[in-house]
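Hi,

Here is the structure we talked about. Please load it first, then read the notes below.

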Amino acid sequence: MIITRFAPSPTGYLHIGGLRTALYSWLWARKNSGKFLLRIEDTDLSRNSDEALEAILKAFNWVGLDHDGEVLYQSKRFDIYKSYIQKLLDEGKAYKCYMSKDELDDLRASQEAKGERPRYDGRYRDFSGTPPEGVNPVIRIKAQQDGFIEFEDGIKGKIKIAASEVDDFIIARSDGTPTYNFVVAIDDYEMGLTDVIRGDDHLYNTPKQIVVYEALGFKLPKFYHVAMINNEKGKKLSKRDGAADAMDYKRNGYLPEALINFLVRLGWSHGDQEIFSIEELIELFDPSNIGKSASSYNLDKLLWLNAHYIKNSSNDKLLALLKDFGIDSDNSDIMLDIIDITKDRAKTLVDLANEINFIVKAPTSYDEKALKKAFKGDAVEILDDFVANLELDKPTNKEAYHKSMESIIESKEIGFGKLGQPLRVALLGAMRGPGMDSVMDILGVDEIKSRVESIKSFLKR
RNA sequence: GACCCUUUCAUCUAGUGGCCAAGGAUAUUACGUUUUCAACGUAAAAACAGAGGUUCAAAUCCUUUAGGGGUCGCCA
């Protein structure tokens, strides 16, 4: 059985980089009928936030990622970690280090001055004398000193790091609380993880965790290190880019399926295919197809995908989603008709709401260029005749409105634009929008007449 | 600075020694369609980071240079 996990630290919103690795883990578990577990990394008690956890769960819920079993909190497992620490101490695989923070700082400074990689020098590794007074020791683990620490990464292949790069790192702070690399190894083991998929900013943590695995005799899971997502300039994606928080996408009118499709293709591919449903992803996803290099975030493609998913969503579904964007659904029959003629032209739900309002609300101003272009010659007269005609014809569907337009054009021997353009500006305020016949069918004769009257009085001023 | 990872069109990518004078998608440009703007359709332009090797044959393997990213905490 494949068991994967997502293990955020609750320090803020859910970052789309995190969402992507969570998605990969989730897909891999679902494809293999395995389990996807959620663990909260809150060992640093000074930096906890319930809101942050809630934000993560909310985002998961929005995109449709579900986790199996209870959420595991590291802060509630300190007893377990302590017993493992004691075990290592008893077996001589870990030791107490009485070095003060100041001493550590000095050591680092002198190493850096020599151009060396800063690391602990092992001075208490075999210490058996009298410990200095008044110092609460930290616990350090004995790391392998010679040779190499190697592992096979499922994405990047063989990773080989000299043992001298990994020092005897701290597994318990002087206050007794355990540290990240230690608890991760224990929890990943105890949760039965088979496949650990995470960002490649963790690549250097893996050898440290392997030290713990080996000291405790645990079997190693398979590791996959996914390259980072950069911003459009190729730099690391940060808060300042305004694209990092997953829930911002909801607020900005993106559909979760578009975001999922976008994120999954950012770094993973399946031949030439671009559009993937969740079902297809579960069937096709394989972490060995994840690319090795960092990818740049590209908003255009996300917009394209979002437009695609909007276009292919049912009108009912869109109407429900549009509630958050100020479109009320009281008049749902008409709204559904409006959505039907506008959804092809929107890239986001915000766009779609705007398109809808364009039709629902009578124009309060008119685009100047459009006015100039449309109202030349006898445009007003043509509009008047057209409206008079409508009152006689009383069209009841789109086709009938079209015929009404045609009859004016034929009798006056003019081009379609001579009527269409002024009519469009009168009804919508600008030279844009869906076909006039569809719009008129929704507005009805009375509303058309009133909007034509409005533009006439506007023109007189 | 040290160490690790990485490098195909502007961007996401296909590519696992011959099917590649490198394919798809987005973006761009042109044309078509439309009363308009989109959407849509057709087409164009656009890349193997550089240098050496190995091989009958290299985008693919090796070496090296350069660029980009990451890590060096009693943070996670």
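A residue is near a molecule or strand if one of its heavy atoms lies within 4 Å of it. Keep in mind that this is a predicted model.

RNA contacts first. There are 59 residues around RNA strand B, and Arg173, Tyr204, Lys235, Gly267 and Arg345 come nearest. By class, that surface has 26 charged, 18 polar and 15 nonpolar residues. Of the RNA atoms within 4 Å of the protein, 68% belong to sugar or phosphate, and the rest belong to bases.

- Lysine 156: a polar side-chain atom lies 2.7 Å from a sugar or linking oxygen.
- Aspartate 300: a backbone N or O atom lies 3.5 Å from a sugar or linking oxygen.
- Glycine 433: a polar backbone atom is 2.7 Å from a base nitrogen.

Helix 17 (416–428) is among the elements that give two or more residues to this surface. Helix 17 gives the most, with five residues.

Now the rings. The structure holds 16 aromatic pairs. Tyrosine 98 and phenylalanine 127 have ring centres 6.4 Å apart and planes at 55°, so this pair is tilted. Tyrosine 98 is buried at 13% relative accessible area. Phenylalanine 127 is partly exposed at 35%. Phenylalanine 262 and tyrosine 297 have centres 5.7 Å apart and planes at 85°, so they are edge-to-face. Phenylalanine 262 is in helix 8 and tyrosine 297 in the loop between strand 12 and helix 10, so the pair ties together parts 35 residues apart in sequence. Both count as buried, phenylalanine 262 at 3% and tyrosine 297 at 6%.

Two charges sit over rings. Lysine 160 lies 4.5 Å from the ring centre of phenylalanine 148. The charged end of arginine 432 is 4.2 Å from that of phenylalanine 358.

Best wishes

Note on methods:
Residues are numbered from 1 along each chain as its sequence is written. Chains are lettered from A and ligands numbered from 1 in the order in which they are written. This is a predicted model: local features need pLDDT of at least 70, side-chain atom pairs count only at pLDDT 80 or more; totals for chains, interfaces and linings use all residues. Side-chain values use heavy atoms; hydrogens and water are left out. A polar contact is a pair of N or O atoms within 3.5 Å; within protein, one must be able to donate a hydrogen and the other to accept it, and residues adjacent in sequence count only if both atoms are side-chain atoms. Helices (H or I, at least four residues) and strands (E, at least two) are DSSP runs, numbered from the N terminus. Ala, Val, Leu, Ile, Met, Phe, Trp, Tyr, Cys and Pro count as nonpolar, Asp, Glu, Lys and Arg as charged, and the others, Gly among them, as polar. Rings of Phe, Tyr and Trp (its six-membered ring) pair if their centres lie within 6.5 Å; planes under 30 degrees apart count as stacked, over 60 as edge-to-face and the rest as tilted. Buried means under 20% relative accessible area, exposed over 50%, partly exposed in between (1.4 Å probe, protein chains only). A charge sits over a ring if NZ of Lys or CZ of Arg is within 6 Å of the ring centre and within 35 degrees of the ring normal.
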